[in-house]
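Have the structure open while reading.

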Amino acid sequence: LISTPQWLESVNGGGTESDPSWEPGFLDMFYNRTVVSKQDSTITMDAPIYNHVDTTLSTPIVYKPLRNFIVTESGVENLRIEIQTGGELTENHAENGVVFRGVENAWARDVSVLHFVISGFSTHTSKNVTIKDSRALEPHSKIEAGKRYNFNVDLFSSQILFTNVRSSAGRRDFVSNGTSVTSGIVFHNSRSFGALNSSEGHQRWSQGLLYDSITYVDPQFYNVLSLHNRGDFGSSHGWAAVHSTAWNVEAEDHYIFIQKPPGAQNYGIGNRAIVNGEGLFNQPEGYIQGTGLAPFPSSLYEAQLAERMEHGLPPDMPLEFSLSEEKEGAVVISWKQLPPLNTDIIIERAEDGFVYNEI
């Protein structure tokens, strides 16, 4: 999706306050998806996109990328990376621990990284990466912008899962720096210790972030999680997270900010914290429900995963569904399907358009 003048006008130039507005063509939206079906002018993809397609604002373009240098099915396991430094606030040492760049279907499991400057784990130009049972601890750097992004998704990251990870002394424990070209990011069942600032979509229309079952222990900053507008912070950061959700987050008497972007939404469901739409810049409040209560299901990610595994790989519905009445006295139904196991399908028919009975 191209960031046309029409689309930028619909989002108020990005909501950048006193900074320059976003420029046409500067903040396009890219989605790395696999086309699993094509019928006439309709295509079906293997994962959602996270922005409304309004052809009056921007015409979508589909293209086939070059894949010559993509690394696939590669991982790192059972490793401890302890970076030697000159002290807690020094920076003359390795900036990052584990970086996934130009990979698909990759993983890290049971890996600990200590004393990095920028990130313990980060992704860039990567798809379908899982980082689980791992730790990004005790960064050694100055406590300032651009440092201590313990678990970090950067540009062109797509369908990334962080699950059962631990972070300590981070400025942004769980963060997206990926802008509008990053989407489908899950931080799940994880803990933060001594957070120095908020986890968040950090800049320029990061999409489809899910913070699910996150616990903040002894945070050192009043605000622990933000799905909001960053206005003129950074370099025209503006709307930093859209179509994103905080679900079942535990932060006691600390703040979670949920604001509504123009033409989009952010959600705060079942969080034990002070949840509101105040943010750092005056914007409408997002959708907030069940504050102080434990949500059901307790994990949105786990519930969606169970549903997907029961009914089939996405998309769950039959593909290329068609009807034919060429055979006299009968209707012939045909479709394609992508389930991991055989899945029963019930077909119903209504004579009057209201009462349906199984065929």
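## Salt bridges

A salt bridge here is a side-chain nitrogen of Lys or Arg within 4 Å of a carboxyl oxygen of Asp or Glu. The model is predicted. By this rule the count comes to 10 salt bridges.

Arg109 pairs with Glu77, with the closest N and O atoms 3.0 Å apart. Arg109 sits in strand 6 and Glu77 in strand 4, 32 residues apart. Arg109 is partly exposed at 31% relative accessible area. Glu77 is also partly exposed, at 35%.

## Loop and buried pairs

Lys147 and Glu91 meet in a salt bridge at 2.8 Å, N to O. The pair links distant parts of the chain, 56 residues apart. Lys147 is buried at 13%, while Glu91 is partly exposed at 28%. Glu91, Glu144 and Lys147 are linked in a network of salt bridges.

Arg172 and Glu200 form a salt bridge at 3.4 Å, N to O. Arg172 lies in the loop between strand 12 and strand 13 and Glu200 in strand 15, so the pair ties together parts 28 residues apart in sequence. Arg172 is buried at 5%. Glu200 is buried at 1%.

## Second largest pocket

The second largest pocket has a volume of about 1,000 Å³. It is lined by 35 residues; Tyr31, Asn32, Arg33, Tyr63 and Pro65 are the closest to its centre. The lining divides into 20 nonpolar, 9 polar and 6 charged residues.

## Thr179

Thr179 is in the loop between strand 13 and strand 14. Thr179 counts as buried because its relative accessible area is 10%, under the 20% cut-off. Its contacts include Leu27, Leu155 and Trp205.

Definitions and conventions. Residues are numbered from 1 along each chain as its sequence is written. This is a predicted model: local features need pLDDT of at least 70, side-chain atom pairs count only at pLDDT 80 or more; totals for chains, interfaces and linings use all residues. Side-chain values use heavy atoms; hydrogens and water are left out. On a 1 Å grid over the protein atoms alone, a cavity is a set of points where a 1.4 Å probe fits but cannot get out, and a pocket is an open set with protein on both sides within 12 Å along at least five of seven lines; lining residues have an atom within 4 Å of a point. Grid points are joined across faces, edges and corners, and a volume is the space filled by probe spheres set on the points. Ala, Val, Leu, Ile, Met, Phe, Trp, Tyr, Cys and Pro count as nonpolar, Asp, Glu, Lys and Arg as charged, and the others, Gly among them, as polar. Helices (H or I, at least four residues) and strands (E, at least two) are DSSP runs, numbered from the N terminus. Buried means under 20% relative accessible area, exposed over 50%, partly exposed in between (1.4 Å probe, protein chains only). Contact means heavy atoms within 4.5 Å. Lists of a residue's contacts leave out its neighbours within four places in sequence.
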